[in-house]
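I opened this model to look up a few local features. My notes follow in the order I made them.

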Amino acid sequence: MADVTLRDVARASGCSVATVSRVLAGTRPVGADTARRVRAAAEALGYRPNHAARALRSRATGTVGLVLPQITNPFYPALVRELAHALHAEGRAVLLADCDDDPVAEAGYLDDLLARRVDALLVVPADERRSRDAVAAAAAQVPLVLLDRGCGPGVADSVAVDNFAGMALVLGHLAATGRRRVWFVGAEGTASTAAERRAAYAAGAAALDEGAPGRIALGDFSVAWGRAAVDLVWEARPDALVCANDLIAVGALQRLGELGADVPGDVAVTGFDDIPMAALAAPGITTVRQPVPELAAEATRLLNHRLAGGDDGPQQAVRLAPELVVRESSAPRPPARGDGQGPGAASGRAAEVPVPRQVP
């Protein structure tokens, strides 16, 4: 059967082609009765818009490019899902690229998406420094929003969780439960999430113990590194492991179980992101929940603002509040015999952990 055209819908609905176009494109308001008549005719005829023809007329493709550092990280599929839903509601489709944490591959994907004439870009940069030039060049050509991670100031609009506030929630919780011999298990490199969470720990951990800011082990955001990190630090007998993401925390839990350590009796374990695996682990992992739906909504809002002609406005940096999700991996330690207090809590009260502020 030949493709159904706007003219066919116009004939069936008794409206002009211009009116049908306005209803189906949503470009201008049309009376409710007319709109219902046009949509009913389009549905009955099986009309499907010709996006290629529309792109030629409007010079817009209705597509947004999304570049991720690594789709195998369970945090990102949830984010992609929310972004796809938010953009679909705006009539836009998503073209996804996974650079596998390689800034060179990332630059190639950005060029490819621009060659495909995407209207805008959403980018989770692989590396704050090495991604900057390619991301800035792309941002000079189409509206671009940095998501979850940054590339330094002056590149583009950005939206991310407040990593400093999230780490302060973790440290305050550990202080309240009597933990003092704390180690941070994070990721090296200059990805902004790695750097910010590491800096936030170093800034706030002294409230638990003066030596805590220096107790840092760095690898990558993986289960394998979480397992290896336990072997590196376990001789020091930490009473808490603050992991920079949930994958590291899962690996740490696995290795601690193999060593016969009691979690949380001997050592508490915390994560960051609240991926589904955190709730399914045994014990469940205390973690910082990122507001994924809000991240997607804010990214979509920023893109819409630029696509609607807000190119000349100041760049916006949105930081969303995280939430601490307390599970079994950091339950309070039982009181020591004879003193009614947990180990390391000789002062009789929990340490107060200040919330460090990020320097703009």
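**Salt bridges**

I began with Asp8 and Arg11, whose side chains meet in a salt bridge at 3.3 Å, N to O. For this term I need a side-chain nitrogen of Lys or Arg within 4 Å of a carboxyl oxygen of Asp or Glu. Both Asp8 and Arg11 sit in helix α1 (residues 6-13), 3 residues apart, about one turn of the helix. Helices (H or I, at least four residues) and strands (E, at least two) are DSSP runs, numbered from the N terminus. I then searched the whole structure and found 15 salt bridges.

**Ground rules**

The model is predicted, with local features needing pLDDT of at least 70 and side-chain atom pairs counting only at pLDDT 80 or more, while totals for chains, interfaces and linings use all residues. Residues are numbered from 1 along each chain as its sequence is written, and side-chain values use heavy atoms, leaving out hydrogens and water.

**Cavity**

How many cavities of 30 Å³ or more does a search of the whole structure find? I got 1. A cavity here is a set of points on a 1 Å grid over the protein atoms alone, where a 1.4 Å probe fits but cannot get out; lining residues have an atom within 4 Å of a point. Points are joined across faces, edges and corners, and the volume is the space filled by probe spheres set on them. For the largest cavity I noted about 80 Å³. Its lining includes Asn73, Phe75, Tyr76, Asp148, Arg149 and Gln290. Helices α5 (75-89) and α9 (192-204) each supply at least two residues of that lining.

**Backbone**

Next I checked the peptide bonds. The one from Val263 to Pro264 is cis, with omega near 15°. Pro264 is in the loop between α11 (246-258) and β9 (268-270). The bond from Ala282 to Pro283 is also cis, with omega near 0°. I placed Pro283 in the loop between α12 (276-280) and β10 (287-289).

Which phi does Arg117 have? I read a positive value of about 65°, although Arg117 is not a glycine. Arg117 lies in the loop between α6 and β3 (120-123).

**Last entry**

I finished on Asp100, which is in the loop between β2 (93-98) and α6 (103-115).

How values were computed
On a 1 Å grid over the protein atoms alone, a cavity is a set of points where a 1.4 Å probe fits but cannot get out, and a pocket is an open set with protein on both sides within 12 Å along at least five of seven lines; lining residues have an atom within 4 Å of a point.
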